[in-house]
Amino acid sequence: MTESRIVVSDLNIDYPGARVVDNLSFTLGNERLALVGESGSGKSMTARALMGLVRKPGKVSASQLNVLGHDLLAMKTRNWQQIRGNDIAMVLQDPRYALNPVKNVAQQVDEALSLHQKLSSSQRRERVREVINAVGLQDNVLPRYPAELSGGMGQRVMIAIALANNPKVLIADEPTSALDARLRNQILELLVEQCEQRQMAMLLISHDLPLVAEHCHRVLVMYQGQKVDEMPAASLPGATHPYTRTLWTCRPNAETYGTMLPTLDRTQNLKGESNGNR
Amino acid sequence: MPSYLFFRRLLRSPAAVCGMVIIALLMLVALFAPLLAPFDPNWQDAAARLQPPNSQHWLGTDSYGRDLLSRLIYGSRPALGLVLLVTVITLPTGLLIGILSGYYGGWVERVLMRFTDIVMSMPRLILAFAFVAMLGPGLVNGALALALTTWPAYARQARSEIQRLRHSDYLAAAEMSGIRGRRLLVGHILPLCLPSSIVRLALDLAGIILAAAGLGFLGLGARPPMAEWGAMIADGMQVIFDQWWIAAIPGAAILISSLAFNLLGDGLRDVLEPSND
Amino acid sequence: MSFITSTLHHLRRPLFTLVTGLFTLALTLMGLLIITFALSAFSPVDPVLQIVGDHASQATYDQVHQQLGLDKPLPLQFWHYLTQLAQGDLGTASATGQPVLHDLLSAFPATLELATLALIIGSVLGITFGVLCARFVGSPWDLAVRTFTLLGNSVPIFWLGLLMLAFFYAYLQWSAGPGRLDDIYQYTVESKTGFVLIDTWLSGDRGAFLNAINHLMLPMLLLAYYSLASITRLTRTACLSEMNKEYITLARAKGAGDMAILIRHVLPNIRGTLFTVIALSYTSMLEGAVLTETVFSWPGIGRYLTTALFAADTAAIMGGTLLIGVSFVIINNLTDILVRITDPRVR
């Protein structure tokens with residue numbers, strides 16, 4: 001890890017009546033970091049804060065919030081528009097809702113390009129074709145509308161849109177949650193492949209710990225807005241924090257067949273304990 | 001939503017409060033008109049014609065020497081009577097047709113919806129006009145005509161809501177408990193459609209007040225010499241360039257009444273169908 | 001797929017939509033005809049008396065009664081009514097003595113011109129204001145526009161017209177008075193199309209043209225305000241509810257600015273709603289014309305209807321109602337068809 005692409009220190013996100021992210025700190029270098037937790041843990045909010053997409057009445061505060069050297073706390077709208085989709089890009093969960101229903105694939109990928117690069121229309125067309133092929137799709141998908149795409153194809157289109165400008169950081173917010181099991185690994189492998197090729201860092205957000213552990217270097221576990229555990233993915237089988245253990249072991253497989261699946265005892269105080277590297 | 005919660009939320013909307021206050025005032029004025037009006041609205045005093053506002057006639061007099069303030073006060077009666085009449089006809093008709101077609105589906109729905117579409121395409125004011133022209137002027141005819149052309153939107157809305165909820169677990173549970181037929185329709189389905197219908201009604205009434213005033217203006221509303229705001233404007237049109245207040249004041253009353261329903265409707269909508277602004 | 005089969009395949013759905021839409025249109029028109037027929041059939045006004053007058057003998061009365069076919073059963077009378085309509089015979093206006101169709105054709109362009117111009121102004125301004133309000137939601141501008149449009153929805157249009165006339169014409173003497181043209185031009189300009197702007201332009205008389213514009217100002221702005229009020233509100237609401245959707249978040253994540261998002265993403269998606277709103281507004285204009293024309297002495301359908309009303313001219317009233325009703329139905333149904341054809345989501 002030579003440079004830190006993302007530096008987050010004491011991030012707080014407050015909504016009237018609730019603190020959604022509480023005192024979160026982490027860094028991201030040229031690596032793949034998984035942000036894992038259940039619904040309501042604050043992981044999606046963290047991602048939105050890094051893109052400046054936390055809308056009123058939410059309030060973001062931190063002692064440090066840096067992406068690629070840009071101080072996000074002091075950013076003006078115009079600067080945001082410059083780095084979003086360009087230096088840092090985002091992939092959302094469900095392509096059925098995240099893609100514009102009345103524009104075809106070509107137009108949507110093209111928009112990502114024309115917002116940030118000055119290219120002629122034939123150059124743009126070339127780039128669009130390049131990035132569509134890079135995510136494993138054929139050219140014939142270009143004139144199609146989102147309603148005409150399957151879940152997997154739609155997700156690939158979203159990834160293509162994110163990759164169009166060669167960002168240095170990719171934030172993937174539950175990119176596989178809307179897909180069936182077979183596709184999940186395919187999409188994650190695609191993401192990993194693109195990260196390696198483009199030397200791109202990735203922040204992968206998910207609720208499925210075993211799934212993302214295969215594909216990421218490090219894991220950060222969140223619970224009710226706080227970070228409760230952080231460790232290299234390889235150390236996960238030996239995790240000691242009760243919440244992490246439960247997440248890790250709760251997925252049924254051949255070995256757990258016939259046995260009771262572990263449940264979490266939420267009465268114990270899970271927060272405020274942390275393990276591993278800080 | 002339980003009623004106490006509903007009213008508390010409603011009171012937080014300044015628009016709704018404003019609207020409700022004005023409507024309440026209107027109802028009081030209409031109810032106590034004989035006590036509030038200083039003069040008989042139809043009594044003509046030829047000597048006091050076309051007077052500007054003065055100490056005896058606070059709003060002046062019209063071209064027949066009738067006190068404008070009294071006519072204004074009494075004019076609230078046909079206005080509110082119309083509102084009541086239209087509500088009583090439109091809401092039940094629209095909801096009934098909408099609920100029946102949404103619940104039973106099939107050819108019942110197709111026939112009813114086709115009928116609804118046809119009535120919906122008709123020009124409201126023009127048909128009211130033709131109705132009244134053919135069947136004779138009068139408040140009831142006008143209200144009837146307006147109501148008969150307004151119910152389709154309610155039917156449409158109720159039907160689409162029921163279609164959404166038709167296969168919901170909520171209704172399935174009720175049916176499994178043995179509730180069906182009329183009890184299901186009235187006790188379970190109706191409360192689901194009612195909120196949005198009431199919002200629509202409040203907003204529609206604003207427009208209906210204007211339409212009725214238009215009919216009165218054209219001489220198709222309440223029969224003269226009955227005091228009706230639209231007709232009063234027509235009276236004032238003759239002398240608009242000199243005694244402009246005779247036409248201006250009743251119009252302001254219409255404006256305020258319509259505004260009240262618009263505000264109430266906006267407030268109701270914010271409470272019953274909240275959207276993130 | 002070859003080009004031909006591909007085209008046919010793509011045309012299949014729009015064609016189907018068109019056919020079903022036209023069928024609904026036909027059905028609705030039939031319903032309208034039944035209603036207008038029923039109104040004149042069941043009206044207490046006696047059409048025979050209208051023609052023969054009060055002092056005719058019983059024999060004359062009977063003769064005219066038979067001539068009008070009033071002794072035949074109702075369904076036959078309805079058929080008679082339909083065939084007459086198909087030939088363009090809407091009866092004779094008792095007030096003018098002319099065929100009703102002729103009267104309507106000379107009066108309709110005036111209303112059409114007014115309503116169309118008002119709609120163009122109202123919808124262009126309305127959509128612009130609605131988008132701006134959505135962009136700057138919560139700002140003083142937003143509040144001001146919302147108040148302005150709220151008033152527009154609550155004000156009786158004929159009253160406002162009356163006041164405007166009194167203020168701008170009588171008091172300030174800025175605008176021209178009632179009517180479409182000043183008296184001097186009334187007889188010098190030849191009425192070729194019925195549209196005063198076109199006719200005065202064609203006549204080459206610049207003064208007449210400017211005068212026509214002057215006369216159009218007040219009623220046009222009045223109706224435009226009316227349509228602006230509802231179009232702005234509905235555009236704003238549609239934009240705001242669309243902006244909550246996921247694909248807008250993604251567009252923001254791509255780096256698109258707020259205004260670009262509204263114009264390039266939101267507007268195309270609410271296109272259908274906007275078409276419907278504009279069509280609705282167009283029909284309101286036609287209705288509003290009935291009231292406004294009385295105030296401005298505008299020689300259109302509205303004034304024709306009101307004069308027919310006071311002359312108890314049933315044929316004219318029914319003819320006028322039918323014309324406006326048919327316009328309504330056509331506008332509504334065509335818009336419905338248009339919306340469904342242009343929505344790529346329905347592919």
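Trainee: What is the bridge partner of A:D173 in β9(A)?

Mentor: In this predicted model, A:D173 has A:I205 of β9(A) as its bridge partner, and A:I205 is also the partner of A:L35.

Trainee: What makes β8(A) and β9(A) count as paired strands?

Mentor: Pairing requires at least two bridges, and strand β8 (residues 169-173) of chain A is joined to β9(A) by five bridges in the parallel sense, so by that definition they pair. Strand β3 (residues 32-36) of chain A also runs parallel to β9(A), with five bridges between them.

Trainee: Which elements make up the β-α-β unit with β9(A), and what is its hand?

Mentor: The unit consists of β8(A), helix α7 (residues 181-198) of chain A and β9(A), and it is right-handed. The term applies because, with the strands pointing away from the viewer, the path from the first strand over the helix to the second runs clockwise.

Trainee: Why is strand β9 of chain A called largely enclosed?

Mentor: Six of the six residues in β9(A), which spans residues 201-206, are buried, so the strand is largely enclosed by the rest of the structure. A residue is called buried because 20 or more other C-beta atoms lie within 10 Å of its own. Both sides of the strand qualify: A:A201, A:L203 and A:I205 point one way, A:M202, A:L204 and A:S206 point the other way, and all are buried.

Trainee: How do you know that the buried residues of α9(C) line one face of the helix?

Mentor: In helix α9 (residues 196-203) of chain C, the buried residues are C:V196, C:D199 and C:T200. Viewed down the axis of α9(C), they fall within an arc of 95 degrees, so they line one face. An α-helix has 3.6 residues a turn, so residues three or four places apart point the same way. The cover over the buried residues of α9(C) includes α5 (100-135) and α10 of chain C, and just after the helix C:G204 takes a positive phi of about 80 degrees.

Trainee: What makes helix α10 of chain B largely enclosed, and what does it pack against?

Mentor: Seven of the nine residues of α10(B), residues 229-237, are buried, so this helix is largely enclosed by the rest of the structure. The buried residues are B:W229, B:G230, B:A231, B:M232, B:I233, B:A234 and B:G236. They pack against α4 (68-104), α9 (181-217) and α11 (245-272) of chain B, together with α7 (157-171) of chain C.

Trainee: How many helices and strands does chain B have, and what share of its residues counts as buried?

Mentor: Chain B has eleven helices and zero strands, and of its 277 residues 43% count as buried. Among its contacts between residues at least 6 apart in sequence, 69% join residues at least 24 apart.

Trainee: Which residues touch the most other members of the largest nonpolar core?

Mentor: They are B:F129 and B:I209, in a core of 235 residues. Helix α10 (residues 206-242) of chain C gives the most to this core, with 17 residues. Leaving out residues up to four places away in sequence, B:I209 touches B:A79, B:V83, B:I254, B:S257, B:S258 and B:F261.

Trainee: Which elements of chain C have the lowest and the highest mean pLDDT?

Mentor: Helix α2 (residues 47-52) of chain C has the lowest, 70, and helix α6 (residues 140-154) of chain C the highest, 93. For chain C the mean is 83, and 95% of its residues reach 70 or more. Where pLDDT is low, the predicted coordinates should not be read in detail.

Note on methods. Residues numbered from 1 in each chain as written. Chains lettered and ligands numbered in written order. Predicted model: local features only at pLDDT ≥ 70, side-chain atom pairs only at ≥ 80, totals over all residues. Core = buried A, V, L, I, M, F, W, Y, C linked by C-beta atoms within 7 Å. Buried ≥ 20, exposed ≤ 12 C-beta atoms within 10 Å, placed from the backbone. Helix = DSSP H or I, 4+ residues; strand = E, 2+ residues; numbered from the N terminus. Contact = placed C-beta atoms within 7 Å. Arc of directions from axis to C-beta. pLDDT = per-residue confidence, 0-100.
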